[in-house]
Amino acid sequence: NNNNNNNNNMSSLGYAQRLAWKEDVGGTLGSEEIHFESERVEQLAKELADVIREAGKIDDDDTKKKKKKKTGVIVHTGAGISTAAGIPDFRGPKGIWTLQKAGENLPTSSVPFPLASPTVTHMVLCGLQKAGYIRYVVSCNVDGLHYRSGIPREEVGELHGNCFAERCETCECEYFRDFEMESVGFKYTGRRCRRKECAGKLRDQVLDWDDALPEPELCRAENEAKKAKLALVLGSSLQIVPSGDLPLLTIPDARYKKRKRSSLSSSGGKNKKPVTRKTTGGQLAIVNLQATEKDQFADLVVHAKTDQVMLQVAKYLNIEIPDYVRKDAFGVRYVAHASNEDNEDKRIHLKVQIVSQHFESDHDIPVPWLEDIDVKSIPKWVKVKNLEQETKRVGGLFVCKTFEFMRMFSDFLNDDDDDEEIVFEIKPNARLNSSPTISTTRSSRALQRLLERVTKGEKLTLSSCEESETIDNIETHVVRYQQKR
């Protein structure tokens with residue numbers, strides 16, 4: 001049970017529990033899901049691909065023309081694109097808020113937030129963005145999966161925030177972490193900015209119910225929506241405003257007003273005939289398992305899982321879906337001191353501590369992706385103690401582990417080979433579905449710097465010398481997406 005609680009605290013459920021309590025979250029909850037037949041989905045996916053192709057690429061926009069031409073796609077994403085990653089949604093039949101209102105047991109996440117991988121939809125969007133079709137991605141999700149997919153941070157408007165981000169209140173520098181923030185509502189995290197001459201306080205970047213949307217990202221979303229030829233909604237019920245109304249900025253005002261008077265649209269999923277999409281303004285396409293109030297304004301509505309649709313879209317547009325390669329990192333602290341002997345028995349003691357890459361001495365910062373680690377060897381150094389009792393975990397998550405090595409001082413001084421290498425054997429969290437163990441050999445620049453201070457005659461007696469470094473680019477999870485041709 002404790003493990004389940006820990007997992008839920010690092011999921012959309014944990015995020016929802018950190019929000020201020022609200023009896024009525026607004027809108028409808030638990031609406032019936034609609035699943036179109038596969039043949040129909042394939043046909044509509046082909047039509048959607050055609051619409052995206054007609055919208056054109058951003059590079060094709062001729063800015064020299066006096067009359068501005070709508071081009072490209074603005075994408076609006078919701079919780080529905082992340083359910084395939086094992087993250088519960090909020091308003092679906094088994095959504096968090098749906099079950100909460102019904103007084104039923106809340107859903108459990110099959111994967112903690114920090115270990116979730118981007119879905120097919122995330123990666124297809126990354127491919128479309130790289131190909132030049134997407135003007136901007138507007139997301140109400142806080143799971144950080146758009147960032148992990150490879151879309152540049154500046155090309156994603158995270159209107160409701162990001163559970164992995166904290167921002168300096170002084171210089172506005174944003175930090176994306178591999179661990180989840182423990183609060184919402186722009187509260188202080190207890191950490192400080194690491195930029196030189198700043199050291200401002202950091203705040204979490206997740207909105208609570210009454211917090212205002214980030215103005216720069218909202219303004220860009222509005223501007224890009226007006227410039228786009230197509231607004232593509234994926235996995236969102238569009239019930240939260242103002243984000244839910246942004247797609248309407250893409251379509252012509254006259255058509256919006258005309259259709260608003262109709263209680264039921266012919267494009268709401270009832271008719272099976274292809275709709276005519278020859279409009280002078282922008283267009284709207286919605287892919288969602290539930291009907292939305294905006295369906296009546298859409299040129300194309302597809303009731304299906306977003307992964308099913310977007311995989312077909314990538315095929316018809318001949319878009320290469322990038323592989324998802326997760327790369328993680330950890331920090332290493334080296335602390336050295338010499339024994340007090342002044343003879344041939346004098347030794348150098350080296351403590352190697354594995355910590356978070358975001359290590360701060362006064363905070364326990366978890367490394368969610370790391371299950372365990374061993375320092376297999378440092379050539380010419382003897383491991384004298386494996387301090388298993390000093391392996392620290394908080395809430396079941398790895399925080400730090402300490403190893404101790406020793407070497408005779410005289411041997412060290414007479415050694416001309418200063419290339420110190422460390423072999424780490426890493427055991428990633430089993431939920432990453434990676435290899436059971438990963439071995440990596442690194443030339444330790446920080447350790448070399450530390451030992452150079454010894455050769456220069458610095459006293460390592462009562463006080464100790466310390467250096468640190470980050471071991472990065474460790475491939476802990478790879479997903480390759482096969483397209484059907």
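**Before you start**

Residues are numbered from 1 along each chain as its sequence is written, and side-chain values use heavy atoms, with hydrogens and water left out. Because the model is predicted, local features need pLDDT of at least 70 and side-chain atom pairs count only at pLDDT 80 or more, while totals for chains, interfaces and linings use all residues.

Colour the model by pLDDT, the predictor's confidence in each residue, from 0 to 100. The mean for the protein is 83, and 82% of its residues reach 70 or more. Select residues 1-10, where the pLDDT is below 50 and where the stretch has 19 contacts in the model beyond near neighbours in sequence, a contact meaning heavy atoms within 4.5 Å. Then select residues 261-280, where the pLDDT is also below 50 and the contacts beyond near neighbours in sequence number 27.

**First stop: strand β1**

Helices (H or I, at least four residues) and strands (E, at least two) are DSSP runs, numbered from the N terminus. Select residues 73-77, which make up strand β1; five of its five residues are buried, that is, under 20% relative accessible area, where exposed means over 50% and partly exposed lies in between (1.4 Å probe, protein chains only). Val73, Val75 and Thr77 point one way from the strand, whereas Ile74 and His76 point the other way.

**Second stop: helix α9**

Select residues 306-316, helix α9, in which the buried residues are Thr306, Asp307, Val309, Met310, Gln312, Val313 and Ala314. Show their surroundings and you will find that these buried residues pack against α3 (38-55), α5 (120-131), β8, β9 (283-287) and β10 (300-302). Just after the helix, Asn318 takes a positive phi of about 55 degrees.

Next, show Arg177 and Glu166, another salt bridge, in which the closest N and O atoms are 2.6 Å apart. Arg177 sits in the loop between β5 (174-176) and β6 (188-192), while Glu166 is in strand β4 (residues 161-168), eleven residues away. Are these two partners buried or exposed? Arg177 counts as buried because its relative accessibility is 7%, and Glu166 is buried too, at 0%.

Select residues 215-227, helix α7, and find Arg220 and Glu224, which lie four residues apart, about one turn of the helix. They form a salt bridge whose closest N and O atoms are 3.3 Å apart. Arg220 is partly exposed, with a relative accessible area of 26%, whereas Glu224 counts as buried at 11%.

**Last stop: an open sheet**

Select β13, β17 and β18, three strands that form an open sheet in the order β13-β17-β18, with antiparallel pairing. The edge strands, each pairing on one side only, are β13 (370-377) and β18 (438-443).

Six bridges join β13 to strand β17 (residues 421-428), and within this pairing Asp374 stands opposite Glu425. Finish at the side chain of Asp374, with which Lys383 forms a salt bridge, the closest N and O atoms being 3.1 Å apart; Lys383 is partly exposed, with a relative accessible area of 32%.

Notes:
Two strands pair if DSSP finds at least two bridges between them. A salt bridge is a side-chain nitrogen of Lys or Arg within 4 Å of a carboxyl oxygen of Asp or Glu.
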